[in-house]
Every structure is written in C-alpha cells, then in structure tokens.
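User: I am new to reading protein models. Please walk me through one, feature by feature.

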Amino acid sequence: MILAIIFLFGLCWGSFLNVLATRILHHRKFFTKRSYCPSCKHTIAWQDNLPLLSFLLLRGQCRHCKAPISWLYPATELVTGLLAVSLYAVTAEPLTYAAYALFFTGLVAATRTDLEAMLIPQLFSLGLIPLGLVAAWFGLIQISFLESILGSLVGYGVLWLIAQLFLKITKREGMGAGDYDLLAGIGAWIGPVGVWLTLMIASSVGTLLGIIYLYGTKQSRSLRIPFGPFLALGAIAYLFFHRTLLSLLMFP
C-alpha cells in the first residue's frame with residue numbers, strides 16, 4: 001500500500017516537473033496561467049491533466065485540436081514515480097529520502113529540458129551544488145562535506161577540460177556548458193569517485209546508444225545528441241549500485 005501511495009505521489013511530482021521544466025525553458029511565468037495546449041492554446045481541463053492516465057486515455061493527443069502530446073510528459077511522470085519507489089526501497093529515513101528526492105528532482109528536470117531543447121537551465125544543474133553541500137554538512141547523504149566540495153570541483157573541471165581538448169583538436173564544440181554544470185551539481189551529491197564512475201557509465205551508454213541511433217536513422221555523425229540524460233542515468237546508477245560497481249572495479 002505504501003509503495004502505491006509513493007508511486008502515485010511520484011507521478012504527481014513528475015507532472016509538476018513537466019510544468020516547471022517547460023515554463024523555465026520557455027521563460028513563461030509559473031503561477032499566472034494554467035497549463036494549455038501549445039498548439040491550440042486551449043486550457044487543459046483537470047481530467048485531461050491526470051499524470052500518465054490522461055495521456056493514455058487521450059491516446060497521446062490534445063482533446064480539442066488532436067495535436068500530438070510530447071512523449072516527454074508521460075515519460076517524465078513515469079520515471080519520477082519509479083524513482084520515488086526505488087528510493088524508498090533503499091532508504092525510508094525521512095530526511096535522507098527528502099534530500100535524495102531533491103537530487104533526483106534536479107536530474108529529472110535537467111533530463112527533461114535537455115531532451116526537449118538540448119539546454120539545461122542552471123537551476124537544475126548548478127542549483128544542485130548548494131543543496132548537496134547542505135545535505136553533506138548535515139550528514140543526510142553518503143559523502144562528507146569535503147567530498148561534496150571536491151566532487152563539485154572535479155565534476156566541472158574534468159568535463160570542461162575534455163571539452164577544451166575536443167575543441168582544440170577538432171575545431172568544433174563537443175558538449176555544452178550545461179553538461180559540465182550538471183556534472184558539477186552531481187559531484188556535490190556523490191563525490192569525486194562518484195563523478196568518475198558517473199562519467200564512465202554516461203560515456204559508455206551514450207556512445208553505444210548514439211551509434212545504434214545513428215546507424216538506425218542514417219543520420220550524419222555531426223548530429224548533436226544530448227549528454228545530460230546519460231549523466232543523470234550514470235549518477236542514478238551509481239547511487240543505487242555503487243557498492244557493486246566499486247567491488248567490480250576492485251575498490252576496497
């Protein structure tokens with residue numbers, strides 16, 4: 001019963017993140033207007049705004065103009081619901097749960113905007129740094145305050161250095177500033193070792209899926225693929241499976 005309640009709350013929180021991410025991304029005022037269809041501008045009724053369920057009932061279309069609804073809306077809601085349940089499975093301590101829930105909130109929102117527009121607002125990336133430092137200071141997360149500081153510095157520095165080297169060698173940009181902002185924010189929550197493993201996971205999965213996508217769609221190799229979602233995936237994988245990952249790599 002408790003898991004069902006947490007899952008439903010996660011779906012609702014994911015719906016909120018959809019609104020937050022899209023309005024910040026498109027510079028819309030947050031509290032002044034209800035959600036509306038971007039195609040016909042019709043205000044969305046409450047029964048058409050139920051997390052995940054409304055998308056299924058409407059078959060992914062606006063009730064009024066039949067314009068397709070982006071898959072990012074139900075995906076964000078579903079992922080947030082699953083993360084809420086998964087987090088409860090590893091920690092039921094209220095303050096620790098709340099702290100990591102804030103971290104996941106930033107990761108999901110950053111993923112949402114990066115997939116839509118290849119842009120990560122600093123609220124969802126650098127904004128994670130002070131939250132991580134506070135959580136570490138009060139012992140709510142698994143790393144110390146010093147590790148939180150080092151993780152943030154290493155996270156930003158390593159991607160910035162890689163980006164500069166790539167630019168110097170190829171004369172073109174390989175990633176945006178939002179990526180190393182995001183890894184800096186991630187580092188504040190999982191420390192320098194977590195940053196390293198997050199980058200390994202993100203690079204491996206991103207490269208594999210990128211190759212599959214380019215091969216399957218016959219797109220040019222110059223096609224830009226958002227890296228933020230893979231960083232978020234790597235950070236989440238590290239948090240849930242860090243003991244297994246570290247043991248596989250023969251860390252004590």
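Analyst: Start with helices. Helices (H or I, at least four residues) and strands (E, at least two) are DSSP runs, numbered from the N terminus. One case is L146, which is found in helix α6. This is a predicted model: local features need pLDDT of at least 70, side-chain atom pairs count only at pLDDT 80 or more, and totals for chains, interfaces and linings use all residues. Residues are numbered from 1 along each chain as its sequence is written, and side-chain values use heavy atoms, with hydrogens and water left out.

User: What is the average pLDDT of the chain?

Analyst: pLDDT is the predictor's confidence in each residue, from 0 to 100. Where pLDDT is low, the predicted coordinates should not be read in detail. Here the chain averages 89, and 96% of the residues score at least 70. Confidence is highest in helix α5 (residues 128-137), at a mean of 97, and lowest in helix α6 (residues 145-170), at 90.

User: Is L146 buried or exposed?

Analyst: Buried means under 20% relative accessible area, exposed over 50%, and partly exposed in between (1.4 Å probe, protein chains only). L146 has 54%, so it is exposed.

User: Which residues form the nonpolar patch on the surface?

Analyst: A patch is made of residues with over 30% relative accessible area and no salt bridge; nonpolar side chains (Val, Leu, Ile, Met, Phe, Trp, Tyr) are joined within 5 Å, like charges within 9 Å. A salt bridge is a side-chain nitrogen of Lys or Arg within 4 Å of a carboxyl oxygen of Asp or Glu. In this model the patch consists of V134, W137, F138, F145, L146, I149, L150 and L153, together about 830 Å² of accessible area. α5 and α6 each supply at least two of its residues. α6 gives the most, with 5.

User: What is the volume of the second largest pocket?

Analyst: On a 1 Å grid over the protein atoms alone, a pocket is an open set of points where a 1.4 Å probe fits, with protein on both sides within 12 Å along at least five of seven lines; lining residues have an atom within 4 Å of a point. The second largest pocket has about 740 Å³. It is lined by 38 residues, and Y36, P38, I44, I69 and Y73 are the closest to its centre. α1 gives the largest share of the lining, 5 residues.

User: Where does R59 lie?

Analyst: R59 lies in the loop between α2 and α3. Its phi is positive, about 55°, although R59 is not a glycine. R59 is exposed, at 75% relative accessible area.

Key
Areas by Shrake-Rupley, 256 points an atom, 1.4 Å probe, with all protein chains shown as cover. Points joined across faces, edges and corners; volume = space filled by probe spheres on them.
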